[in-house]
Amino acid sequence: MKSLRRMLSVLVFVSLSTLAFAQSDAQKSDAQKSFDKLKTLAGSWEGPVTVVPPQHEMGDGTLTQVSLRVTSRGNAMVHEMKEAGTPDDPAKYDHPVTMFYLDGDRLLLTHYCDAGNRPRMAGKVSADGKTVEFDFLDVAGGTQYGHMHHAVFTVVDPNHHIEDWTYMTPGDKPVHAHMDLQRKK
């Protein structure tokens, strides 16, 4: 009888804990849900990039490496991108860095661009929870060389995600980069 009471107590505790967790997850803002989705991408990634319209400095199928790392006690995430096979020398080669973070009830990114500026975008998760889309807010620094304007992250599965970035060239002509990335083992 004593063991039955103990077992019932444990079951009640587990049930209440599960209910509390479910309620706290339901109370998360859309921004927090979006950020949590992006955090699942932490790791090293590699895959081809397709650029439309084609650009002379980046051919179709160029292999790209992406590193995503959660930092600052879970309050920020760093995204670094570079062409595979290039030396890790950001002073000579493209090596843009993007920071993701929450600002109140908004998920923001700041892209530290090789064009010398810092566009900010606000993100939101799709209804199915698989895509986080970022829309342009503003840009600090000059835009004479263009600026990053839009980004979409689609989680296909734990080892596969897609990134779509839109860059606005001078004259506001968009260039779209599509990266199909696989997690590196």
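Predicted model: local features only at pLDDT ≥ 70, side-chain atom pairs only at ≥ 80, totals over all residues.
Q: What is the phi of S72?
A: Phi of S72 is near 55°. That is a positive value in a residue other than glycine. S72 sits in the loop between β2 and β3 (76-83).

Q: Is S72 buried, exposed or partly exposed?
A: Exposed means over 50% relative accessible area, and buried means under 20%. S72 has 43% relative accessibility, so S72 counts as partly exposed.

Q: Why does D172 count as exposed?
A: Take the relative accessibility. For D172 it is 54%, and therefore D172 counts as exposed.

Q: Where is H95, and is H95 buried or exposed?
A: Read position and accessibility together. H95 is in the loop between β3 and β4 (97-103). H95 has a relative accessible area of 13%, so H95 is buried.

Q: Which side chain makes a polar contact with the side chain of H95?
A: Check the partner and the distance. The partner is the side chain of E80, at 3.0 Å. Leaving aside neighbours within four places in sequence, the residues in contact with H95 are E80, M81, K82, D88, P90 and D114.

Q: Which residues of helix α2 are buried?
A: List them, then view the helix end on. In α2 (residues 30-39), A31, S34, F35 and L38 are buried. Down the axis of α2, the buried residues fall within an arc of 95°, so they line one face of the helix.

Q: What do the buried residues of α2 pack against?
A: Follow the contacts to the strands. These residues pack against β3, β4, β5 (106-112), β6 (118-125), β7 (131-140) and β8 (147-157).

Q: Which residues touch the most other members of the largest nonpolar core?
A: Count contacts inside the core. The core has 29 residues, and L38, F100, F134, F153 and W165 touch the most other members. Not counting residues up to four places away in sequence, F134 touches residues including L38, F100, M121, H150 and F153.

Definitions and conventions
Residues numbered from 1 in each chain as written. Heavy atoms only, no water. Helix = DSSP H or I, 4+ residues; strand = E, 2+ residues; numbered from the N terminus. Buried < 20%, exposed > 50% of the residue type's maximum accessible area, 1.4 Å probe, protein only. Polar contact = N/O pair within 3.5 Å; in protein donor to acceptor, adjacent residues only side chain to side chain. Contact = heavy atoms within 4.5 Å. Core = buried A, V, L, I, M, F, W, Y, C linked by side-chain atoms within 4.5 Å. Arc of directions from axis to C-beta.
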